[in-house]
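Hi,

Here is the model I promised to pass on. Have a look first, and my notes follow below.

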Amino acid sequence: MTKIISFPHIGNYYIPIKYLISKSTKCKVLISPQITKKTIDIGSKHSPDYVCVPFKYNLGNYIEALDNGANILLQAGGGCRYGYYAELQEQILTDLNYEFEFINFIQNNRVSIKKIYKFAKSLNPKLNIFTFAYYGLNTILMIIIMDKLSIYPRENMGFEIEKNSFTKVEKSLLNELKKQTHTPISLAKTYFNYKKRYKNIKINKPSNCIKIGIVGELYSIMEPFCSNYIEQKLASYGIEVHRFTTLTYLLLQKKFKLKKHLRKGKKYLKYHLGADATESVVLSYELAKKNYDGIVHLKSFGCTPELNAMPILEKISNEYQIPIIYFSFDSQDNTVGIDTRLEAFYDMLLQKKENNSLKED
């Protein structure tokens with residue numbers, strides 16, 4: 001039987017993940033359909049009611065992939081209780097009478113490179129550690145490029161003179177990264193080329209624009225459908241948006257920055273809160289000290305670490321007079337309700353900024 005591999009979506013990161021898996025295994029990689037309401041409806045139908053939203057999205061991804069012919073499913077979610085969901089997801093899919101192989105790359109609540117290599121080697125006996133390392137290097141470079149190049153558009157897309165200018169360049173970048181013939185040199189050229197293309201987009205940005213930082217749980221931040229494309233909606237109000245959780249941070253930096261975060265946030269934290277909650281507190285504290293206009297906190301319904309962070313965030317909000325809006329996403333989210341709350345939040349920030357300007361005058 002032909003091996004067909006699939007894995008869940010999380011933003012556009014499916015592009016480098018597909019590259020690594022297809023190159024190292026030499027098997028067909030099937031990307032599950034782009035996440036839609038159908039995905040979450042399917043996942044919710046077969047999930048426990050109070051499980052977190054990423055579980056439901058991922059389960060929906062798996063079912064759609066299996067229906068399209070996938071027979072090997074990969075799981076690499078960890079860092080919180082989600083790291084223990086693989087067995088439950090596998091059992092649910094088995095009970096639904098799907099025939100598949102389920103591979104979990106999590107070990108000690110972290111993604112195991114050794115497990116990925118062993119899996120790839122089992123499907124591609126000719127693979128050696130040096131070739132795998134080369135594909136891994138290109139994959140990491142692709143992720144870094146995606147994350148670095150996303151900063152400037154996020155800060156400036158709300159001020160573009162020609163509508164959708166940033167979106168068009170992003171689509172071109174993603175199509176370039178989808179090619180399977182990457183080398184470190186070609187990827188470096190891609191980075192500098194698209195950095196220049198972004199900078200050449202004409203913008204009309206006031207010096208005193210509203211600046212907002214986004215903090216919270218990683219899936220809600222990095223999967224745009226889950227958050228109802230909140231970054232684009234904020235930008236549409238003429239807001240400079242800053243977001244700090246990326247795959248580059250999670251894979252390469254988070255492990256080494258935890259102690260530093262605890263030192264920075266010692267005023268509010270004594271211990272690590274788990275998952276992304278420590279970062280939520282420390283980043284909010286830093287945003288407040290830098291006089292940002294507001295903070296958007298995102299999480300999935302029932303995310304325990306972020307629930308623990310919220311009282312501390314309220315304390316920071318009160319002490320520094322920085323408004324924070326909280327969004328908790330589940331499978332029944334009402335887009336109109338989210339838009340209404342965002343609009344009200346923007347109006348409040350605008351009024352606050354205008355009042356502060358009058359005081360200074």
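Which residues have the most contacts inside the largest nonpolar core? They are Leu-74, Leu-234, Val-296 and Phe-327, in a core of 65 residues. By nonpolar core I mean buried Ala, Val, Leu, Ile, Met, Phe, Trp, Tyr and Cys residues joined through side-chain atoms within 4.5 Å, with buried being under 20% relative accessible area (1.4 Å probe, protein chains only). Helix α6 (residues 129-156) gives this core its largest share, seven residues.

Before you go further: this is a predicted model, where local features need pLDDT of at least 70 and side-chain atom pairs count only at pLDDT 80 or more, while totals for chains, interfaces and linings use all residues. Residues are numbered from 1 along each chain as its sequence is written, and side-chain values use heavy atoms, with hydrogens and water left out.

Back to Val-296: leaving aside residues up to four places away in sequence, its contacts (heavy atoms within 4.5 Å) include Leu-234, Phe-327 and Phe-345. Ile-212, Gly-213, Ile-214 and Val-215 are also among the residues that Val-296 touches.

As for the whole chain, I get 14 helices and ten strands, taken as DSSP runs (H or I, at least four residues; E, at least two) numbered from the N terminus. The C-alpha trace spans about 75 × 45 × 40 Å along its principal axes. Buried residues make up 51% of the 361. Of the contacts with a separation of 6 or more, 73% join residues 24 or more positions apart.

Cheers

Methods
Buried < 20%, exposed > 50% of the residue type's maximum accessible area, 1.4 Å probe, protein only.
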